[in-house]
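Dear colleague,

Please find below the structure that I am handing over to you.

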Amino acid sequence: MATNLLTVPLRHADPVPLASALRAYIEHSYDQHPDMFRLDITELQRLRDAAVAAEVRPSSISMLTRYFVQLTFITAKFPADINLVFTWHLCLGYAKAAFGHADLQYERANLLFNLAAMYSLLASEENRATVDGLKRAAQYLQAAAGCFAHLKTAVVPEMKLNPPEELAPATLDVLTSLMLAQAQECFWQKAVLDSLKNSIIARLASQVSTFYAAALTSTTRCNSLRTEWINHITFKKLHFTAAMQYRAAADCLANRKYGEEIARLTAGLDACAKALSSAKGVAKPVIEDLKGLQTKLKSDLTRAERDNNLIYLEDVPAESALSAIKPAVTVSAATPNDVSDAMAALQTDKYGEPLFAKLVPFAAHQAASIYDDRRDTLVTQLVIRKLDTLTVQLHDVLARLGLPGALQAIEQPVSLPPTLLAHAEEIRARGGFDAMRESVEDVRSLYYVASSICSNIAEALQAEQRDDDSLRQRYGTASWRRAPSTEAAAKLHSQATAFANTLAQAAASDEHVRAKFREHEAIFRLLSSSVPGELENALPAASVRKLEPGLETANAVLRERLNDISRFEYRRRKYIEDLRERAQKDEVAGLILAETTRLEHAVPLATIDPSQFEKLFTTRLAQLYDADKERVDAEHDEQADLLTELELANNDFRAALAHSNASDGAVSDRERALQQLEAGYVTYNELVANLDEGRTFYNDLTEIMAKCQDEVNDFVYSRNMEAHELQTELNAQFSRFAAPNPHGNQAPPPVPPLPPQVAHTSSTPLPAPRAQGLPPRMLTSESNSGVWNPSMGIQFGRQ
């Protein structure tokens, strides 16, 4: 078995109850019964168990690929978070930390990592002393490189959180280049066995060195590799630089370029010396290979210098004057077709029938939620809210005109007007003053809950940022090479800021509502009173007089105009109620299911995306609600006409009242009192709507922030574990090499103890945040019906 290759170890995973999690998720989140998928659930659990226990043998490739292909397919059927944490252990560095995420894409990423690792391990088991063994090893290594490259470009970006360091782009770049370097090395070795021309072998060696150099460059952005690996890559880069110069020197000798031959032999020996100076931790067979080359270079250089000094007398050029040797690339990252196009692979018989093929895709559920959101936004924002604004304008005009108080003071100079009695009874039926006071306190409490979550999010991110900044200052930017917190969690920091701004706006709206409540508190108490006669006694009485004919006529006309407006307002309220009920009954699931079936038949096994339902949404919303949007304009015009007629009638009434014997101070006082009570009734209804909207707003915002808090918990946990691993590696480097550190000649800073939520041992890895009872994810899609999102703005407490 070859021992001079670096192989990627398999990552170990903790067992998970995948079957029960899938069953529970289908039962609670889908309309289909989980028993329909009993065999699919059992088979996926079997595939998972087999994949995490894979042994190093060729048959494991097919088994791992099958699970990867099936997992790729079901990510279109389920959301990333199925309420199951997948925990995988690191394998490249010194620390054996475990990272857990409730993310199917995280499971898929780790699986592909292990598939690539399996290819590298199989390559190391080939007999590379034979041509066939070299070919198979090269194929395995190119497949490994392809898997790592595909992992970086197509799988890791699908994860919701920043990946652990071993899945970070820089690490995957190192592994991809390393696999290509070793594959190219196989072709170089085959060229040596086949005794190809020295010039060709030199070009092959040049490319081997180039690949190793690329891997070495990527290690400067990577914190997850052992120092021994970095030394090995450095060593091999220099080894093949020396091998390249050796073969180029042999070609020079054949072409009578004696001075250049000496220069290249000297350059090869320099590369050998540099390699041996960085050989700490490099495997003995690798060192022995280079020493054998070094011996040959020394022998040839002694012979070449003797011959040149005695016979050829050629000038020896400086190494910098030597022409570059053009690399010959013979390998590439070859992602297996079944990995790069898993859906096409499922259309063959290699991996069995697609699991959960009859399950309605999660995208269809997302589409239904998106439609509900869009419909509710259209109905609320473009129809109901505009009609509510018109109603507010109507009440403002009535208040300005002193109506209906002016009429009530004339028509009911002593007893309570029937409309006022009805309004008082309505307020008492809704709980009156006490119910509103409780609602004000409820909204205040909900604000404090939301504010607490927002503060926890901000504090957790700020604490992690302070710790990271402190460690970066402690070890130096050159050593502490991971991304700063504001870059690693840019989205989370942005969300935290947005939440804080949103809550600040909400607090202002809340205060506006409370101010109105305090302003009208006395009126609300009076309208809510159940004490007999209290409301009637609060109104000043006017003398009862017979209305003069002119005033009586003007009064009748104005009363008719007010009745027209009352009927108009009643129709509007009834229309809004009917519209809300119609929107609630607007079920689009059947249409989405039919469209999903059509799409799946058109392109079998294709991934369904919510955007594919856009035409369906646009057509249906137009058919059902365009008339409602037009209704707003009609209501605006009709209200304007009614108010014009009302103002004319009110002018006539005021003129007649001014010239009548009914115009006295008592009537004016009663009018003002009645108008205050009428305004109180309108304000009560307005505040009830504001408080209901505020309660819904805070509940939805709290749900969204709880999801963000869950992501923050995951991020902080991951960063703490990553920081501890990096500290361990840096301190190990300081100890082994006594390298200069940011503290001058002092001893290297020790690794501080981890916080309680991170401290663990390799034998008892810490569970992921959800396993410790931290808040679970509360949303399963980006769009949830009725859930507030920042683009909607804050509407309650309209000012």
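Predicted model: local features only at pLDDT ≥ 70, side-chain atom pairs only at ≥ 80, totals over all residues.

Residues are numbered from 1 along each chain as its sequence is written, and side-chain values use heavy atoms, with hydrogens and water left out.

Overall composition

The protein contains 24 helices and 2 strands; these are DSSP runs numbered from the N terminus, with helices (H or I) of at least four residues and strands (E) of at least two. Of its 799 residues, 51% are buried. Here buried means under 20% relative accessible area, exposed means over 50%, and partly exposed lies in between, with a 1.4 Å probe and protein chains only. The accessible surface comes to about 35800 Å², and carbon and sulfur atoms hold 53% of this surface; the areas come from the Shrake-Rupley method with a 1.4 Å probe, and for residues only the protein chains shown count as cover. Among contacts (heavy atoms within 4.5 Å) with a separation of 6 or more, 84% are between residues 24 or more positions apart. The structure has 0 disulfides, a disulfide being a pair of cysteine sulfur atoms within 2.5 Å. Cys91 is buried, at a relative accessible area of 9%, and Cys186 is buried too, at 1%.

Helix 16 covers residues 432-475, which is 44 residues. The expected span of a helix is 1.5 Å times one less than its number of residues, so helix 16 should span 64 Å, and its end C-alpha atoms, 65 Å apart, agree with this. Helix 10 (residues 284-312) has 29 residues and should span 42 Å; the distance of 39 Å between its end C-alpha atoms agrees. The buried residues of helix 10 include Val286, Leu290, Gln294, Asp300 and Asn308. Among the elements that cover the buried residues of helix 10 are helix 8 (227-254) and helix 9 (258-277).

Backbone features in loops

Most residues other than glycine have a negative phi, and most peptide bonds are trans. Leu313, which follows helix 10, has a positive phi of about 55° although it is not a glycine. Leu313 lies in the loop between helix 10 and helix 11 (337-340) and is exposed, with a relative accessible area of 61%. Arg256 is not a glycine either, and has a positive phi of about 60°. Its place is the loop between helix 8 and helix 9, where Arg256 is exposed at 60% relative accessible area. A cis peptide bond, with omega about 5°, joins Leu403 and Pro404. Pro404 is in the loop between helix 13 (362-401) and helix 14 (405-411).

Two partly exposed residues

Arg654 belongs to helix 23 (residues 614-658) and is partly exposed, with a relative accessible area of 26%. Leaving aside residues up to four places away in sequence, Arg654 touches Leu401, Gly402, Ala406 and Glu671. The C-alpha atoms of Arg654 and Ala406 are 9.1 Å apart, although 248 residues separate them along the chain. Ala500, in helix 18 (residues 490-519), is partly exposed at 37%. The C-alpha atoms of Ala500 and Ala450 are separated by 9.9 Å, and the two residues are 50 residues apart along the chain.

With kind regards
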